[in-house]
Every structure is written in C-alpha cells, then in structure tokens.
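The sequence and structure come first, and the description follows.

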Amino acid sequence: MSDPKHTHHEIAAEATDPRWQATPAEVAAAAPAATSRRSFLFKLAVGLNGLVGAVFAVPILGYLIGPATKKDADFNSWVKLGSLDEFPVGKTHFAEYVNPVVSPSDGETAKIACWVRRIDANSFQVFAVNCAHLGCPVRWFEQSRLFLCPCHGGAYYEDGSRASGPPMRGLFEYQHRVHNGALEILAGQLPTFSNEACNRKPQKPNAPENNPLRVLADDDAAGRRDA
Amino acid sequence: MKNPVELGKKLRAWIDLRTGLVQQAEEMADHPTPSSAASWWYVFGSGAMVLLGLQVVTGILLAMVYSPSASNAWASLQFINHNLPLGWYLRALHGWGSDFMIAIVLIHLVQVFLFGAYKFPRELTWVVGVFLLLLTLAMAFTGQVMRFDTDAYWGIGIGASITSSVPLVGKPLVRLLLGGPIIGGATLSHFFALHVFVIPGALLGLVGLHLLMVLRLGINEWPMPGRIVRRADYRQNYAALTRKTGVAFAPNAAWKDAVFAAAMILAVMACAWFFGPFGPSGQPDPTIIQTAPHPDFFFLWIYAVLAFLPPQLEIPFLLAAPALIVLPLLLLPFLAGEGEKHWSRRPVAILVVTLVAVTLGIFTNLGLHTPWSPVMDAWSSAAIPARYVKDRTPLERRGALVFQDKQCRDCHSIGGIGGRRGPALDDIATRMTVDQMVRQVLQGGGNMPAYGKALSPAETTALTAYLRTLNGNHLAPAVNPAAGIEPVNGTHPVAQ
Ligand code: FES
C-alpha cells in the first residue's frame, strides 16, 4: 500500500476485472437484433439533432451576419455639416459630424471628421479624412495646397486627386447637397474600397450637375425638396 | 494524527482511483526522452506554454476592471494605470507577456524548423503549431485593439481598408470585422469577444492537441548529419534510440524547462516593472487627426511593406500574401517529410531562415523609423540652421522662407532635420541645375507632388534662388553640360 505504483496496478486490475465485463460471446449474442434496432434509433437521433442544429443555426447566423448583408442605403443618411457661411470660399475646412448610425456605447468614436473644400460660392467638395490607401487620417496643408497622410506618406492635391505615394486613387468623396442653407453629406459608413465612396470619381466641381446651388435653385423652382 | 506524508499518499490514491489523472501525469512525466533531447535548445515550446498561462492569468485580472465599451474603454485603461494600485503593473505584465510570447513562439518555430522536427511522423504537430502561431498573432492584433486609443482606432481602419480590397465579399467582410458599417461600439465588443473567448479557446484547445502529439510521438531526437528520416523505419529507429539512450522526461529534461520558464517570467516581470505598460496613447476620437498611427512592434514590418509596395502591386499582394506566407508553412512537412534533419545538411533551410530573418529585421527597423512618412510639423517646428541662411541675399532668404512656409521641410531635411520622404537638400545645387529645380518643383515627379498651383512665379524664383545656394561643403554647382554649345542645324547635339 505504501508504493503508489502498486496502488495503480491494483486500480487498473480492478477496472479490468473480468467479473465486471461482458464476455465477447455475450456481446455478440446481444448484438444482432439490438444493434440493428438501436443503431437505427441512434442514427435517427443523430439526424434529429442535425435538423434541430440547422434550425438553431439559422437565426444565429442571421444575428451574426445581419449587419453585413444590409444595403448601403440602410446605413447612409443626410447629415448636416454646418451652414454655408461656416465655409469660406476658396478654403478647405475641417468639419465634424456625428455618425448617423449610433449605438449607445459608441462614445467619442461616433464623431467623424471630414474636409470641406469650398471652391466658389456654389461648389463644394467634401473629402473623407480616411486616406484612400489604408485609411489613416489625412491632414490639409494650406500653404502647399496638399493633403498629406502620416502613415505611408500619401499626398493628394486640393481637389482630392492623387499627387504621390502609395494611394492608388484620389481621396474618397462624400455625396453632398445644400439643404436649407446648410451643407449636408450622405454619410454613415467607413469609406473604403468596398462601398460606394470608392465608385464615385472625384467630381468635376464646376460641372453644372454637380453644382449643389443649382440643384437647390431647381428644387425651389419646382417647390419640392426631397431627401 | 497520522504522518502527513502517509496522508498525502492516501489522498493521491483516493483521487487517482476516481480520476486516473495522477497516474496519467506520472506517465507523462516519466515518458522516455532521447537523452540528446534533454537540451537547452528544447525549452522554447514549454516556455511559450508558460507564457500563455501568464497571459491567461493577467488577462483575467485585467478583464475584471476593463470596460469593453467604446465609450469607456480608454477611461478604464487610465483608471487601471493610475487609480488602481499596481494596475499599471498588471497591464505591463500582460503587454510584455504578449511580446515575449510572440518572440518565444517564433524562436520555437525556427528551432523546430532547423532541427527538422516537422518531418515524419510529426507533420500534424507542425501544422497545429502553424495555427498556434497564427492564433498568437491574432491575439496580439486583437489585444492592440483592446488598448482602445488613437492607434487602435486607426489600426482597425487599416485592417478594414485591407479587408475591403477582397473582391466580391469585401463589403460584408468589413462589416463583420467592424460589427457594423463603421468603427464604433460594436467594433470593440466584437474584438473583445474574439480576444477573450474565441481565440483563447481555440488556442488552449490546440495547445492541448499539440502537447498530446508531442507525448504520443516523443520528443524529436537531436538530429545527426547522415541520420536520414524514412517513413519505413523512422519509428523503429526512434524506439530503438529511446530504448538505448532514453531518460525519463522529468527530471532529466524538465529541470531545464523549469529553469527557463522561471528566467523568462523574471524577465517579463523586470520589463514590466522597469519599462511599464504600453499606452494607451490619445483618446480614440476620430476627429483628433493630429496623429501618426503606429502598429505594435511585431506588426511594424507589415506597416513598412505597405509603404514600399508600388500602388499597382498592393492589392494583389495583400490578397496573395497571407496564402504565400502560410501555405508554404503548412505544406512544408508534406513536401519535405523525409530526409536529412541536421541543419548542416540543409543549406536551403539555413538560407531561408537567414533571408526571412534579415528581411523581417530590415522592415521592422524601417517601421521604427518610418522614413517614408512626412514629418507633419517640421515646417513650423524645425528651424533652418543659421549657417544655411548666413551670407544669403535678400532674395535667397525670401526663398528660405518659401521653403519653410510651403512645408517643403515636411519631406526634405536640411542640416539633418526635417522629413526623410524626399532626398535631403543640403547639396541639392550640386545635383540639379536651376532649370531642373524649377521643373521638379512645378511639375513634381518621382514621389513628389507638383507645386505649380501652390507657388507663384515670384515664390518659385525665390525658392530656386535659395536652393541654388545649398551646395554642400562648397562643392561645385551642377551645370548643364549642353549649355553654351551651339545647336547644329537647329537641333541640339545632345538630343540626337
Ligand atoms: S494610409 Fe495614407 S498613405 Fe497609407
């Protein structure tokens, strides 16, 4: 009893004591009828669980990938950036807004920044701060009229087009409009290659269809103002 | 009262009768190890496991106070750092523990690779090990997000940008990663669930499997040149070797593992105590853009690679790279499952390790210095050294002001201060003529934007007049060799 190894052997012997085990013959004798019925029942039970599992998984998957499968339009909405006179003509301005899709725990991440360029009285460009390379925040340099990115040194001209560095394209631009004397943008998603921010070519600022004030004038004339 | 030793033995027998665990543990400790494998080179696997344990313990302790909510996480980190007695030390232990763990896992991988331990029959052990490495890196990345500060915020942005370039499913993938359309509350809680439940669960499970296989197949014998691994007879040879030279794992090899583990934990504690916790840096406020986001040490090389890739190559590279790095690792034991184990007979293996180590080292070093990033405030903070304005004409000094004002300094250094994105301009006049400077400034080219719209003619004149004075240690200025040669028949001789 004092030798622990001995104890193990005793235990092992106990566990395999033939008195407690069915002999192979007994097992074989019990087999035919029982296994066929029980193994059928077992397979049935496994199948049933597979079915329940599938039914269980559907809503779980829906919960998990729900946000991923929504349309852009479900997230984007018009957000006011400020009244027109906050943006002096000929300047590029830093602006902030609160992201329209908020959850209670967003905290300060709900605040988003963007760059507003007022080309002349009537035309604007609104750029995302997120570099079109990998999303670092670009900064505007008034004197050299460039946006510079701190991460890998991407540079953009004042109209958002690519100047140099790793980015492959110009800055992401928000769709914008002038509404009730205020500048609004269509926002709600992180601008990346995968959403519509990417498909929008930097606008030709002076093209009449991109002139928000002209659109506004048309709206006024028609007496409608749709969102 | 009975003798306590007797009592202990009884208790052990009592537990063993019900669980069988005591016997199993003893068998594990006794399992025969080729005496050559009871080496200091074999301590890294167990070292990584000990560090995993440290991470689990410190992680649980931190989770008791940390608030995984985007609105409170940063404040709760400040609270742990400053208000909770020794909270900073716990954060430091967890942070340094993570760096140590990645380092030890990498060393373990290199050691196993050089010792040929991935060969038959340990292929699956290696494959599981590759997944353990990936999970460890995933822990490091998600852990960086737990430190919810500016770097974390923009770091997730970088992750999302990379993900978004996946064709077809980029958009849903980004939203899955962020837990929504944009970085916010759900993003942090998603990452928290990954960092605290999902990845550690997988990690612990796979570590168990890894260990089980090590016990079942035995510790890799010390490789010998000429001792060839063959599927046909390796197992017999290994059995013969262990029969001949085998020693019980404990204490013969285990004491080295234990000493190494203790030394390592001491090192982690020392780093934590003397260097303190990592961050958090600024608040995760996306409107504070005066920041230069930086990943943690073990991801710096990726950061550097991303800065150097030519734009056209970037997306193909990002999509192909994970497969190109991971697939060879996974396939290795199946492609080279037999043959020589000893490093002296495997020159390619040595070359590969050297090449990868040097490459990673160079890129990491570049990532520490980021020469490609403009120094965003050099134009307003880095003065032009006095000797660079001494004895200049008013026009040239005006040019020095233009040079400063137009933020040229953000990318170009003079006198050793300023950005390093573009070349240093201390001796630019010896390399470029005025005409070339004007062209380069106005039209850009190479990696330089064009300043045609940002400079008036007068400013350009002043600027180039100043640059013309930057001729290093009074070296001869650059001249146009063709200047002064008469055109022949209206064409320039050089152009022919
Ligand atoms: S993120 Fe802007 S250059 Fe890479």
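## Buried cysteines

A:Cys149 has a relative accessible area of 2%, so A:Cys149 is buried, as the limit for that class is under 20%. The model discussed here is a predicted one. A:Cys136 is buried at 1% relative accessibility, and A:Cys151 is buried at 0%. In chain B, B:Cys271 has a relative accessibility of 15% and also counts as buried.

## The disulfide

How many disulfides does a search of the whole structure find? Over all chains, the search finds 1 disulfide. The link joins A:Cys136 to A:Cys151, with a distance of 1.9 Å from S to S. The angle about the S-S bond is -70°, and the link of A:Cys136 and A:Cys151 is left-handed.

The positions of the two partners show what the link connects. A:Cys136 belongs to the loop between strand S4 (124-128) and strand S5 (139-141) of chain A, while A:Cys151 belongs to the loop between strand S6 (146-148) and strand S7 (155-157) of chain A; the pair therefore ties together parts that are 15 residues apart in sequence.

## Salt bridges between and within chains

Side chains of opposite charge can pair when their charged atoms come close. A search of the whole structure finds 15 salt bridges over all chains. One of them brings together the side chains of B:Asp285 and A:Lys111, at 2.8 Å from N to O. B:Asp285 lies in the loop between helix H12 (254-275) and helix H13 (300-308) of chain B, and A:Lys111 lies in strand S3 (residues 111-118) of chain A, so this pair joins two chains.

Within chain A, the side chains of A:Glu158 and A:Arg145 form a salt bridge of 3.1 Å, N to O. A:Glu158 is in the loop between S7 and strand S8 (162-164) of chain A, and A:Arg145 is in the loop between S5 and S6 of chain A, so the pair ties together parts that are 13 residues apart in sequence. Both A:Glu158 and A:Arg145 are buried. Within chain B, B:Arg231 meets B:Glu123 in a salt bridge of 3.8 Å, N to O. B:Arg231 lies in the loop between strand S2 (228-229) and helix H10 (234-245) of chain B, and B:Glu123 lies in helix H6 of chain B; therefore the pair ties together parts that are 108 residues apart in sequence. B:Arg231 is partly exposed, with a relative accessible area of 40%, but B:Glu123 is buried, with 12%. Shared partners also link salt bridges into one network of A:Glu142, A:Arg145 and A:Glu158.

Is H6(B) mostly covered or mostly uncovered? H6(B) is mostly covered, with 17 of its 24 residues buried.

H5(B) has 28 residues and spans 41 Å from its first C-alpha to its last, close to the expected 40 Å. Just after H5(B), B:Gly116 adopts a positive phi of about 65°.

## The second largest pocket

The second largest pocket has a volume of about 1,000 Å³. Its lining consists of 44 residues, and those nearest its centre are B:Gly45, B:Ser46, B:His108, B:His210 and B:Val214. The elements giving two or more residues to this lining are helix H2 (21-30), helix H3 (44-63), helix H5 (87-114), helix H6 (123-146) and helix H9 (185-217) of chain B.

Which element provides the largest share of the lining? H6(B) does, with 7 residues. By residue type, the lining of the second largest pocket divides into 30 nonpolar, 12 polar and 2 charged residues.

## A residue in strand S2 of chain A

A:Phe94 is located in strand S2 (residues 92-98) of chain A and is partly exposed, at 30% relative accessibility. A:Phe94 and A:Val129 are 35 residues apart in sequence, and the distance between them in space is 9.2 Å, C-alpha to C-alpha.

Methods:
Residues are numbered from 1 along each chain as its sequence is written. Chains are lettered from A and ligands numbered from 1 in the order in which they are written. This is a predicted model: local features need pLDDT of at least 70, side-chain atom pairs count only at pLDDT 80 or more; totals for chains, interfaces and linings use all residues. Side-chain values use heavy atoms; hydrogens and water are left out. A disulfide is a pair of cysteine sulfur atoms within 2.5 Å. Helices (H or I, at least four residues) and strands (E, at least two) are DSSP runs, numbered from the N terminus. Buried means under 20% relative accessible area, exposed over 50%, partly exposed in between (1.4 Å probe, protein chains only). On a 1 Å grid over the protein atoms alone, a cavity is a set of points where a 1.4 Å probe fits but cannot get out, and a pocket is an open set with protein on both sides within 12 Å along at least five of seven lines; lining residues have an atom within 4 Å of a point. Grid points are joined across faces, edges and corners, and a volume is the space filled by probe spheres set on the points. Ala, Val, Leu, Ile, Met, Phe, Trp, Tyr, Cys and Pro count as nonpolar, Asp, Glu, Lys and Arg as charged, and the others, Gly among them, as polar. A salt bridge is a side-chain nitrogen of Lys or Arg within 4 Å of a carboxyl oxygen of Asp or Glu. The expected span of a helix is 1.5 Å times one less than its number of residues.
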